[in-house]
Amino acid sequence: MSIKNNIAKYQQNLPAGATLVAVSKTQPVERIREAYEAGQRVFGENKAQELQLKHEALPKDIQWHMIGHLQTNKVKYIAPFVHLIHSVDSLKLLQEINKQALKVSRIIPCLLQLHIAEEETKFGFSQEEVINLINSADFKQLKNIKISGLMGMATFTNNSDQVRKEFRSLKHFFDRLNGTPLPPTVEMNVLSMGMSGDFEIALQEGSTMIRVGTAIFGERQNKNA
Ligand SMILES: *Cc1c(COP(=O)(O)O)cnc(C)c1O
């Protein structure tokens, strides 16, 4: 299947209200352009400098999402244009995003990344940490960020029950937050969960945003990315 056909297939099958983020990390600009020409406007990358270069090279109506772990010293590269940062996993990072957003007079939408997988290696907050964070005095000072929702990555396993359980718990937490009074800079609209191998389960469990790379573009140019 061509990139164009894949984009059409996934766009057509997307439930109402859900967004497809085409994960283009490691893919060359020409392949991203092919997806763009098929109508795709939302792309996700996991490295700040690669994101910056691709933003410069490609049409300006693309919405660029940062989906990978973000180091504080890299925020400045993407602050002027990034549409949504999915991978906020510390107050320190949020403070830096706020600082860089202020410099370019923006309010940058962010998702808080929850650690939902069994694996030790994945980044993210616990539920308790999220509650403490959004109710903290430090958080209330951040006027140039906006929390739009949550993101999570399930365990990398063939066990679909396990994956479903993890997505379900994230959705429960999302709903629970929605049912409580939230600070003015927090809204629970976006639930980013699901990748090539598990987006169908994620959508069944209430995902509003799936991040699909290899199922659209094929194998990555660098498998370690
Ligand atoms: C690479 C990546 C994806 C896409 O992975 P695929 O399995 O290629 O669909 C989604 N989310 C994050 C955070 C990623 O780093």
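Before anything else, one definition: when I say contact, I mean heavy atoms within 4.5 Å. And please keep in mind, everyone, that this is a predicted model.

Which residues does Pro 109 touch, once we leave aside its neighbours within four places in sequence? The answer is His 83, Leu 84, Ile 85, Lys 146 and Ser 148. There is also a spatial relation to Val 186: the C-alpha atoms of Pro 109 and Val 186 are 9.7 Å apart, while 77 residues separate the two in sequence.

In the side chain of Lys 25, an N or O atom is 2.7 Å from an oxygen atom of the ligand. For Arg 220, again a side-chain N or O atom, the distance to a ligand oxygen is 2.8 Å. With Gly 213 we turn to the backbone, where an N or O atom lies 2.8 Å from an oxygen atom of the ligand.

Helix α1, residues 3-13, packs with helix α2, residues 29-37, at an angle of about 45 degrees, and their axes are 8 Å apart. That angle makes α1 oblique to α2. Their crossing is right-handed. On the α1 side the contact is made by Ile 3, Lys 4 and Ile 7, and on the α2 side by Arg 31, Glu 34 and Ala 35. Sorted by class, that contact has three nonpolar and three charged residues, and no polar ones.

The second pair is helix α6, residues 127-134, and helix α8, residues 160-178. Their axes cross at roughly 25 degrees and come within 12 Å. Helix α6 brings Gln 127, Val 130, Ile 131 and Ile 134 to the contact, and α8 brings Ser 169, Phe 173, Arg 176 and Leu 177. By class, five of the residues in this contact are nonpolar, two are polar and one is charged.

Technical notes
Residues are numbered from 1 along each chain as its sequence is written. This is a predicted model: local features need pLDDT of at least 70, side-chain atom pairs count only at pLDDT 80 or more; totals for chains, interfaces and linings use all residues. Side-chain values use heavy atoms; hydrogens and water are left out. Axes are lines fitted to C-alpha atoms, for helices over the stretch in contact, and angles run from 0 to 180 degrees between N-to-C directions. Helices (H or I, at least four residues) and strands (E, at least two) are DSSP runs, numbered from the N terminus. Angles under 35 degrees count as roughly parallel, over 145 as roughly antiparallel, 65 to 115 as roughly perpendicular and the rest as oblique. A crossing is left-handed if the near helix is turned anticlockwise from the far one by less than a right angle, and right-handed if clockwise. Ala, Val, Leu, Ile, Met, Phe, Trp, Tyr, Cys and Pro count as nonpolar, Asp, Glu, Lys and Arg as charged, and the others, Gly among them, as polar. A polar contact is a pair of N or O atoms within 3.5 Å; within protein, one must be able to donate a hydrogen and the other to accept it, and residues adjacent in sequence count only if both atoms are side-chain atoms.
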